[in-house]
Amino acid sequence: HCGPTLHDTNANQEDAPTEVVLLHGAAFTKTDWKTSGILDTFCEINNDEDGGNLLLLALDLPVSADGVELGIAFDSLRNQLLSGSP
C-alpha cells in the first residue's frame, strides 16, 4: 500500500484519492508487484509534488478465487482502506 488512506482524507471531497487495486495472475503474488519495481514506480510518482492523490493497494487472492470472493475482499477493505466509490 502507498498513498493516502481514508483516515488522511475525506472520501466525499472532490480531492478524494484515486483508488487503484493491483491484482495479479495465478503465477504471481502481490510481492511480485514490489520486486518488479512496478509498485515502487507508482509510489514514486505518487508524491506530494505530483499531488500524491493515488491510493495504491496490491491484493493477494487465491488462484481459485471467483467474483464472489473478489467482492468479499473489496467489502472487507471498504471503509478501512478503500472508499467503495467507483
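The briefing below goes from the chain as a whole to particular side chains.

This is a predicted model, in which local features need pLDDT of at least 70 and side-chain atom pairs count only at pLDDT 80 or more, while totals for chains, interfaces and linings use all residues. Residues are numbered from 1 along each chain as its sequence is written, and side-chain values use heavy atoms, with hydrogens and water left out.

**Fold and surface**
- The chain has three helices and two strands (DSSP runs of H or I with at least four residues, and of E with at least two), and from the N terminus their order is β-α-α-β-α.
- Of the 86 residues, 24% count as buried, a class that means under 20% relative accessible area, with exposed over 50% and partly exposed in between (1.4 Å probe, protein chains only).
- Among contacts (heavy atoms within 4.5 Å) between residues at least 6 apart in sequence, 69% join residues at least 24 apart.

**Salt bridges**
- The count is two salt bridges, each defined as a side-chain nitrogen of Lys or Arg within 4 Å of a carboxyl oxygen of Asp or Glu.
- Lysine 34 pairs with aspartate 40 at 3.9 Å, N to O, and aspartate 40 is partly exposed at 33% relative accessibility.
- In the bridge between arginine 78 and aspartate 75, the closest N and O atoms are 3.0 Å apart; arginine 78 is partly exposed at 36%, as is aspartate 75 at 45%.
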